[in-house]
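Dear colleague,

Please find the structure below, followed by an account of what was found in it. I hope the notes are of use as you look through the model.

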Amino acid sequence: MAITLSSEIEKMVNEHIQSGAYSNADDVLRDAMEVLSEVDGRERRETQEAIERAIEQSRRGEGRPAEEVLDEMRAKYGIPRHPPG
């Protein structure tokens, strides 16, 4: 597969090679993709765990009405209840 890197990314890859930490661009990109996969996996696990906690809280009656939460968010971020117009 041939890819085209932006000049900024190419510069970063070359800096890693010149530092001696990597021998070629393939090694730099392989490590970068491994880190990205780890981050994606961790974020998915954390999201799934948060969803499971929320479901359990709801089952225990600890939830709040969605409209109440939405009203708080609207107030916090200055979003009108109904769009103008």
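**Salt bridges and exposure**

Glu15 counts as partly exposed, because its relative accessibility is 42%, a value in between the limits of 20% for buried and 50% for exposed. Please bear in mind throughout that this is a predicted model.

Glu15 forms a salt bridge with Lys11, and the closest N and O atoms of the pair are 4.0 Å apart. Both residues belong to helix α1, which covers residues 7-18. They are 4 residues apart there, about one turn of the helix. Lys11 has a relative accessibility of 53% and therefore counts as exposed, since the limit for that class is over 50%.

A second pair is found in helix α2, which covers residues 25-59. Arg59 forms a salt bridge with Glu56, with 2.9 Å between the closest N and O atoms. Because Arg59 and Glu56 are 3 residues apart in this helix, about one helical turn separates them. Arg59 is exposed, at 64% relative accessibility, whereas Glu56 is partly exposed, at 36%.

Is Arg74 buried or exposed? Its relative accessibility is 19%, so Arg74 counts as buried; the limit for that class is under 20%. Salt bridges with shared partners join Glu67 and Arg74 with Asp71 and Arg81 in one network. For the model as a whole, the count comes to 11 salt bridges.

**How α1 and α2 are arranged**

How do the axes of α1 and α2 cross? They come within 9 Å of each other and cross at roughly 110 degrees. This angle makes α1 roughly perpendicular to α2, because angles of 65 to 115 degrees are placed in that class. Which residues meet where the two helices are in contact? Val13, His16 and Ile17 are the residues from α1, and they meet Ala25, Val28 and Leu29 from α2.

Asn24 lies in the loop between these two helices. Asn24 counts as partly exposed, because its relative accessibility is 33%. Asn24 and Asn14 are 10 residues apart in sequence, and their C-alpha atoms are 8.3 Å apart in space.

Glu10, a residue of helix α1, is partly exposed, with a relative accessible area of 41%. Glu10 and Ala25 are 15 residues apart along the chain, with 8.8 Å between their C-alpha atoms. Gly41 is found in helix α2. Its relative accessible area is 12%, so Gly41 is buried. Gly41 and Glu15 are 26 residues apart along the chain, and their C-alpha atoms are separated by 28 Å.

**A nonpolar patch on the surface**

Which residues form the nonpolar patch on the surface? They are Val69, Met73, Tyr77 and Ile79, and together they have about 370 Å² of accessible area. Tyr77 lies in helix α3, which covers residues 66-77. With a relative accessible area of 52%, Tyr77 is exposed, because that value is over the limit of 50%.

With kind regards

Methods: Residues numbered from 1 in each chain as written. Predicted model: local features only at pLDDT ≥ 70, side-chain atom pairs only at ≥ 80, totals over all residues. Heavy atoms only, no water. Patch = residues over 30% accessible without salt bridge, like charges linked within 9 Å, V, L, I, M, F, W, Y side chains within 5 Å. Areas by Shrake-Rupley, 256 points an atom, 1.4 Å probe, with all protein chains shown as cover. Salt bridge = Lys/Arg side-chain N within 4 Å of Asp/Glu carboxyl O. Buried < 20%, exposed > 50% of the residue type's maximum accessible area, 1.4 Å probe, protein only. Axes fitted to C-alpha atoms, helices over the stretch in contact; angles between N-to-C directions. Parallel < 35°, antiparallel > 145°, perpendicular 65-115°, else oblique. Contact = heavy atoms within 4.5 Å.
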